[in-house]
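Hi,

Here is the structure I said I would pass on. Have a look at it first, and then read on for what turned up.

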Amino acid sequence: MAASPTNSRSVTETVNGSHRFVLQGYSLAKGMGVGKHIASETFTVGGYQWAVYFYPDGKNPEDNSVYVSVFIALASDGTDVRALFELTLLDQSGKGKHKVHSHFDRSLESGPYTLKYRGSM
């Protein structure tokens with residue numbers, strides 16, 4: 001008796017989302033100190049809570065208050081959450097866009113970021 005052919009299939013779900021975080025009074029936030037941040041409200045994408053962390057004077061001392069730092073962070077419980085993202089700063093005129101980080105401009109040999117726990121950035 002001949003064996004019947006078999007099939008199988010794997011489908012990886014992809015979820016897209018976006019969040020706009022408006023920071024009014026940037027000039028007042030500048031000078032608050034290296035490592036101090038302003039956080040967005042949490043928002044949900046893919047069943048997980050996320051937040052944007054903006055450091056007006058940079059996150060690390062080597063930033064020397066010359067650079068800002070922007071991060072996206074997992075704000076809910078989860079382990080090994082995989083994500084691709086793009087962060088863009090928009091100036092106050094609404095015309096000047098400055099891409100901070102993007103997975104989409106480079107090859108993804110290493111794959112998406114894996115966020116291991118709540119607070120991973």
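Which charged end sits over the ring of phenylalanine 71? That would be lysine 59, whose charged end is 6.0 Å from the centre of the ring. Keep in mind that this is a predicted model.

Now the overall layout. The protein chain has 1 helix and 8 strands, and from the N terminus the order is α-β-β-β-β-β-β-β-β. Of its 121 residues, 24% count as buried. The accessible surface comes to about 9100 Å², and carbon and sulfur atoms account for 49% of that. As for contacts between residues at least 6 apart in sequence, 45% of them join residues at least 24 apart.

On to the aromatics, where the count is 2 pairs. In one, the ring centres of tyrosine 26 and phenylalanine 54 are 6.1 Å apart and the planes meet at 65 degrees; an angle over 60 degrees counts as edge-to-face, so that is what this pair is. It links distant parts of the chain: tyrosine 26 belongs to helix α1 (residues 26-29) and phenylalanine 54 to strand β3 (residues 48-55), 28 residues apart. Tyrosine 26 is partly exposed at 35% relative accessibility, while phenylalanine 54 is buried at 9%.

The other pair brings us back to phenylalanine 71. Its ring and that of tyrosine 55 have centres 5.8 Å apart and planes at 85 degrees, so this pair is edge-to-face as well. Tyrosine 55 is in strand β3 and phenylalanine 71 in strand β4 (residues 69-74), so the pair ties together parts 16 residues apart in sequence. Here tyrosine 55 is buried, with 5% relative accessibility, and phenylalanine 71 is partly exposed, with a relative accessible area of 25%.

In soluble globular proteins, nonpolar side chains tend to be buried together. The largest nonpolar core in this model has 12 residues, among them Phe43, Trp50, Val52, Phe54, Val70, Ile72 and Leu115. Strands β3, β4 and β5 (81-83) each supply at least two residues of this core. Phenylalanine 54 therefore turns up both in this core and in the aromatic pair with tyrosine 26.

Leaving aside residues up to four places away in sequence, valine 52 touches His19, Phe21, Ile38, Ala39, Ser40, Phe43, Val70 and Phe71.

Cheers

Notes
Residues are numbered from 1 along each chain as its sequence is written. This is a predicted model: local features need pLDDT of at least 70, side-chain atom pairs count only at pLDDT 80 or more; totals for chains, interfaces and linings use all residues. Side-chain values use heavy atoms; hydrogens and water are left out. Helices (H or I, at least four residues) and strands (E, at least two) are DSSP runs, numbered from the N terminus. Buried means under 20% relative accessible area, exposed over 50%, partly exposed in between (1.4 Å probe, protein chains only). Contact means heavy atoms within 4.5 Å. Accessible areas come from the Shrake-Rupley method with a 1.4 Å probe; for residues, only the protein chains shown count as cover. Rings of Phe, Tyr and Trp (its six-membered ring) pair if their centres lie within 6.5 Å; planes under 30 degrees apart count as stacked, over 60 as edge-to-face and the rest as tilted. A charge sits over a ring if NZ of Lys or CZ of Arg is within 6 Å of the ring centre and within 35 degrees of the ring normal. A nonpolar core is a set of buried Ala, Val, Leu, Ile, Met, Phe, Trp, Tyr and Cys residues joined through side-chain atoms within 4.5 Å.
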